[in-house]
Amino acid sequence: MILKKIVALALAFIAFSSFAENRAELAWQKIEQGALIVDVRTPQEFETQHIESAVNFPLETVNVAFNNVDKDQQIVVYCRSGNRSGQAERYLKKNGFTNVHNGGGLNEMLASK
């Protein structure tokens, strides 16, 4: 029983690692095509390190920060782990943005570049 749980956890980790790598690679493809890069972490996190040419729209400001962004603009959002950027992606899509991609976490994006 314990062995089955360990195997299941290992397979889940492998699947997530592959998913994270794929979403980061797709994010870089979109960035190369001109996507707006948005870091949804706090200003303090952004100041410490961020992707070059990214703008900082902290998650709690997403409801107003994108007011002047074209809803058809390609957008890549990222954060520390992919959680906040996932929330931002869902919010934006729910509000009519058509080309939003969750790049995941900063470190996974930097590692896949």
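Predicted model: local features only at pLDDT ≥ 70, side-chain atom pairs only at ≥ 80, totals over all residues.
Accessible areas come from the Shrake-Rupley method with a 1.4 Å probe. By that method, the protein chain exposes about 7,000 Å². Carbon and sulfur atoms supply 55% of this area. Of the 113 residues of the protein chain, 37% count as buried.

The protein chain has five helices and four strands. From the N terminus on, the order of elements is α-β-α-β-α-β-α-β-α. Contacts between residues at least 6 apart in sequence were also examined in the protein chain. Of these, 66% join residues at least 24 apart.

Strands of a sheet pair through backbone hydrogen bonds, either parallel or antiparallel. Strand 1 and strand 2 pair in the parallel sense, over two bridges. Val38 has Val55, in strand 2, as its bridge partner.

Asp39 belongs to strand 1, which covers residues 36-39. The relative accessible area of Asp39 is 0%. Buried means under 20%, so Asp39 counts as buried. Residues up to four places away in sequence aside, Asp39 touches Phe46, Gln49, His50, Val55, Asn56, Phe57, Pro58 and Tyr78. Val55, one of these contacts, is also the bridge partner of Val38. The side chain of Asp39 makes a polar contact of 2.7 Å with the side chain of Arg41. The two side chains also meet in a salt bridge, with an N to O distance of 2.7 Å. Arg41 is buried as well, because its relative accessible area is 6%.

The structure holds four salt bridges, the pair of Asp39 and Arg41 among them. Another joins the side chains of Arg84 and Glu45, at 2.9 Å from N to O. Arg84 lies in helix 4 (residues 83-94), and Glu45 lies in helix 2 (residues 43-48). The pair therefore ties together parts that are 39 residues apart in sequence.

A further salt bridge links the side chains of Glu89 and Lys93, at 3.2 Å from N to O. Glu89 and Lys93 are four residues apart in helix 4, so about one helical turn separates them. Glu89 counts as buried, at 16% relative accessibility. Lys93 is partly exposed, with a relative accessible area of 43%.

Helix 4 has 12 residues. From its first C-alpha to its last, helix 4 reaches 17 Å. That span is close to the 16 Å expected at 1.5 Å a residue. The buried residues of helix 4 are Arg84, Ser85, Gly86, Ala88, Glu89 and Leu92. Just after helix 4, Gly96 takes a positive phi of about 95°.

Gly96 is also among the contacts of Lys71. Lys71 is found in the loop between helix 3 (62-65) and strand 3 (75-79). Lys71 is partly exposed, with a relative accessible area of 41%. Leaving out residues up to four places away in sequence, Lys71 touches Asn95, Gly96, Phe97, Thr98 and Asn99. The side chain of Lys71 reaches the backbone oxygen of Asn95 at 2.7 Å. Asn99 lies 28 residues from Lys71 along the chain. The C-alpha atoms of Lys71 and Asn99 are separated by 7.7 Å.

Definitions and conventions
Residues numbered from 1 in each chain as written. Heavy atoms only, no water. Buried < 20%, exposed > 50% of the residue type's maximum accessible area, 1.4 Å probe, protein only. Polar contact = N/O pair within 3.5 Å; in protein donor to acceptor, adjacent residues only side chain to side chain. Contact = heavy atoms within 4.5 Å. Expected span 1.5 Å × (residues − 1). Pairing = 2+ DSSP bridges.
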